[in-house]
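The following exercises are to be worked through with the sequence and the coordinates at hand. Each task is followed by a solution in steps.

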Amino acid sequence: MEGLQTEWLKTELRRGGSAFVNFCKWVVLAAAAGAIVAVAGAGFHHLNELARHMRLANDWLLYFLPLAGVLIVWMYRTCGIAHDWGTNLTLYAVRENSPVALRIAPLVVIGTALTHLTGGSSGREGAALQLGSAITSFLSRRLRFEEKDARILTMCGMSAGFAALFGTPLAAAVFSIEAVSVGSMQYAALAPCVVATLTAQQIALRLHCEATAFTLAEIPAVTWQTMGAVLMLGCLCGAVAWLECAALSTTHQWSEKYLPNPYIRAAAGGALVVVLTLLLGTRDYSGAGMDGIARAIAGTAVPWAFLCKIVLTALTMGAGFKGGEIVPTFFIGATFGCVVSGLLGLPAGFGAALGMIALFCGVTNAPIASVLLAYELFGGEALPLFLLICAVAYRLSGYGGLYSAQRILYSKETLQRNETVPDDDALEAVVKARKAAREHRGGTGNGLPAEDNAPADDNVPADDNVPAGAR
């Protein structure tokens, strides 16, 4: 018996020592990744702010939006990227360890800045996720990481990019773990992602990137009446989340179907956004919309503002402009919640905050990250109500989302696997085909090429080889 106990103790000590060494390795790697991404993210933040201030000071820049779209297409094609998968490739890179080319980082930064400079309706979080994943994917290739380690490092990059721009390390750390495959969180990446996000946030703060936060003027007590009102608002936000995702997806598909030439698509889409902006008579829907979010949380919003933002964001992103959909989602949710909350007996500003978080949850299918985001943006006083509305919005937002590469593995209604999840999709088929081609040509041990030897387009094949359903 003593011999068995001694052997068990030795095994546990070896296992514990190995786990501690691995932990120390990831603390160093995650901190380094967070620092590098934070510096890049801070530069992106300040460039974006410069673009925003220039747009606000010069209304005539709006007329250059079609030209900016053409320039973005030209930049990507000149760099060998015929079709940009955006954040979808980032999510797939985590799930299947497909490479994200380093040149995506400067391209998405410049493309987002041009979009915001000329008045396109887009956010910045998609660019932040792509920026972080492109940098860490490059590092993992250079360091010849095994697949399991490369995936974790990519998740660290995503989290660090999110935290650097928004200053919300809790939500950022969990989002990259939760959003890739809903229902299957890879907790092995939790500690590295937390280290990366906290490092990125601290460095970004020192580089004058202010954390996003809001103050609520009135927070109702948690009562049966309040919970009933919040539940009703959650139901409505679930429907709006479905509407937003449907609008973005449909616009993207139709624009590529009827305007297959990307240059014409960008110019036509940009021109349509210009015309609609002029007809609306306001520039409130240009850019990310943070000013509109602040007004909604203060209790003021136009009843149709959320619909206008949905339409203009769908047109902007469908035409091929860069940025992201999350901050526009905040705008949509905040303005919708502000308007509807009065009908439900909730304070307008508090309803805006609830709508903002609920819509984020509905379009990303990330309820845990959403609750943490609510805590970081609005404090913990009303956290039970934010938890309630996230649970309702997640349940009723359907099985779609902003990211087609996201997988919802389990049913939202029962404790069963989601049978509607396909075994494969066009993006996976494309990436697998390219990975096989690289291995045939000869690459690194894990099938990923070194950046210097990468083919012209690391992300997708030429347009002729892209399956129609994947575009």
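**Exercise 1.** Locate T168 in this predicted model and determine whether T168 is buried or exposed.

*Solution.* Step 1: T168 belongs to the loop that links α6 (147–166) to α7 (169–178). Step 2: the relative accessible area of T168 is 0%. Step 3: buried means under 20%, so T168 is buried. Step 4: beyond four places in sequence, T168 touches F162, A163, L373, E376 and L377.

**Exercise 2.** Describe the surroundings of S121, including the polar contact of its side chain.

*Solution.* Step 1: S121 sits in the loop between α4 (104–117) and α5 (125–142). Step 2: with a relative accessible area of 1%, S121 is buried. Step 3: leaving aside residues up to four places away in sequence, S121 touches Y285, G287, K309, L312, T313, T316 and M317. Step 4: from this list, K309 is joined to S121 by a polar contact of 3.0 Å between the side chains.

**Exercise 3.** Trace the salt bridges of D149 and state which residues are linked with D149 in a network.

*Solution.* Step 1: the closest N and O atoms of K25 and D149 are 3.4 Å apart, and the two residues form a salt bridge. Step 2: K25 lies in helix α1 and D149 in helix α6, so this pair ties together parts 124 residues apart in sequence. Step 3: D149 forms a salt bridge with K148 as well, at 3.7 Å between the closest N and O atoms. Step 4: D149 is buried at 11% relative accessible area, K25 is partly exposed at 33%, and K148 is exposed at 52%. Step 5: a network of salt bridges links K25, E146, K148 and D149. The whole structure has nine salt bridges.

Note on methods:
Residues numbered from 1 in each chain as written. Predicted model: local features only at pLDDT ≥ 70, side-chain atom pairs only at ≥ 80, totals over all residues. Heavy atoms only, no water. Helix = DSSP H or I, 4+ residues; strand = E, 2+ residues; numbered from the N terminus. Buried < 20%, exposed > 50% of the residue type's maximum accessible area, 1.4 Å probe, protein only. Polar contact = N/O pair within 3.5 Å; in protein donor to acceptor, adjacent residues only side chain to side chain. Contact = heavy atoms within 4.5 Å. Salt bridge = Lys/Arg side-chain N within 4 Å of Asp/Glu carboxyl O.
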